[in-house]
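Please read this briefing alongside the sequence and the coordinates.

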Amino acid sequence: TLELRDSYYDSQDFMIFRAGFALRMRHALGGAEGDVTEITLKSLQPSRGGFARRIEFSETVDAADIEAVLGHPAGIGERIRELVGARPLEKLFDARTRRERQQLLEADNELPLAEVDLDETSIETAAGTAQTLQRVEVECLNAEPAALSPWVEQLRAAARLEPVVQSKFRAGLAAAGLNPAPALDLGPTDIASSQSFADTQLALFRRYFVAVFDKEPLVRAGADSAVHEMRVAARHLEV
């Protein structure tokens with residue numbers, strides 16, 4: 001049985017979210033290794049039919065707060081700074097989870113194929129609102145998802161489980177009333193034959209500036225295609 005105390009962070013303009021990640025600081029109490037503090041950047045690919053394949057960058061830290069982690073000269077602190085620059089981080093919400101963990105073992109040699117977690121989570125926001133989630137999570141360890149799919153389907157049928165549509169992170173954003181991807185409104189970008197030349201120029205400049213703004217998080221995350229697209233838009237802004 002584990003007690004997980006998670007806090008999620010991002011910059012005010014949601015630079016980490018816009019780069020495709022969630023930033024979580026986790027205090028895990030009661031595990032085999034004792035109490036552990038871990039910070040994780042987790043990709044936000046949506047699940048399909050309850051199955052999700054996500055990238056995680058995790059590091060065990062001694063620091064008790066996010067600012068101390070950011071002060072580390074290397075490791076995940078450096079990776080976070082590459083995403084947010086000099087922007088300060090703000091807490092989005094907290095999640096408290098009681099987790100019952102079992103392992104699915106191979107019959108012949110007891111090799112752990114997957115971890116099966118029964119979670120009861122309470123999402124807590126700064127406004128004092130709370131939302132409770134109950135979930136079963138199967139995480140592959142030494143088996144491919146296709147090999148475990150028949151067993152997962154049997155588990156779903158036996159326990160009358162439904163595939164999860166919304167991740168804990170997105171459920172937390174909704175509970176906190178946060179919209180992390182508002183459209184950047186710099187004014188009209190439409191072009192019509194009746195417009196003056198000056199208005200047409202401004203509309204074009206707005207289009208390219210929005211493109212630069214939209215690609216910045218992906219550039220910070222190291223996406224080569226985004227670097228090219230941002231460079232093209234920036235060249236159009238040169239006067």
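The points below are grouped by topic, and they describe a predicted model.

**Helix pair H6 and H7**

- The axes of helix H6 (residues 197-220) and helix H7 (residues 224-237) come within 8 Å and cross at roughly 150°; because angles over 145 degrees count as roughly antiparallel, H6 is roughly antiparallel to H7.
- The crossing of H6 and H7 is left-handed, and the residues in this contact comprise 13 nonpolar, 1 polar and 3 charged.
- On the H6 side the contact includes Phe205, Tyr208, Phe209 and Lys215, while the residues that H7 contributes include Val227, Glu229, Met230 and His236.

- The model holds 5 aromatic pairs, one of which is the tilted pair of Phe21 and Phe57, with 6.0 Å from centre to centre and 45° between the planes.
- Phe21 lies in strand E2 (residues 21-31) and Phe57 in strand E4 (residues 56-60), so this pair ties together parts that are 36 residues apart in sequence.
- Phe21 is buried, at 14% relative accessible area, whereas Phe57 counts as partly exposed at 28% relative accessibility.
- Tyr8, Phe17, Phe93 and Phe169 together form one aromatic cluster.

- Leaving aside residues up to four places away in sequence, Leu104 touches Leu111, Pro112, Leu113, Ala114, Leu148 and Trp151.
- The C-alpha atoms of Leu104 and Val138 are separated by 9.2 Å, although these residues stand 34 residues apart along the chain.

Notes. Residues numbered from 1 in each chain as written. Predicted model: local features only at pLDDT ≥ 70, side-chain atom pairs only at ≥ 80, totals over all residues. Heavy atoms only, no water. Contact = heavy atoms within 4.5 Å. Axes fitted to C-alpha atoms, helices over the stretch in contact; angles between N-to-C directions. Helix = DSSP H or I, 4+ residues; strand = E, 2+ residues; numbered from the N terminus. Parallel < 35°, antiparallel > 145°, perpendicular 65-115°, else oblique. Left-handed = near helix turned anticlockwise from the far one by under 90°. Nonpolar A, V, L, I, M, F, W, Y, C, P; charged D, E, K, R; others polar. Phe/Tyr/Trp six-rings, centres within 6.5 Å; stacked < 30°, edge-to-face > 60°. Buried < 20%, exposed > 50% of the residue type's maximum accessible area, 1.4 Å probe, protein only.
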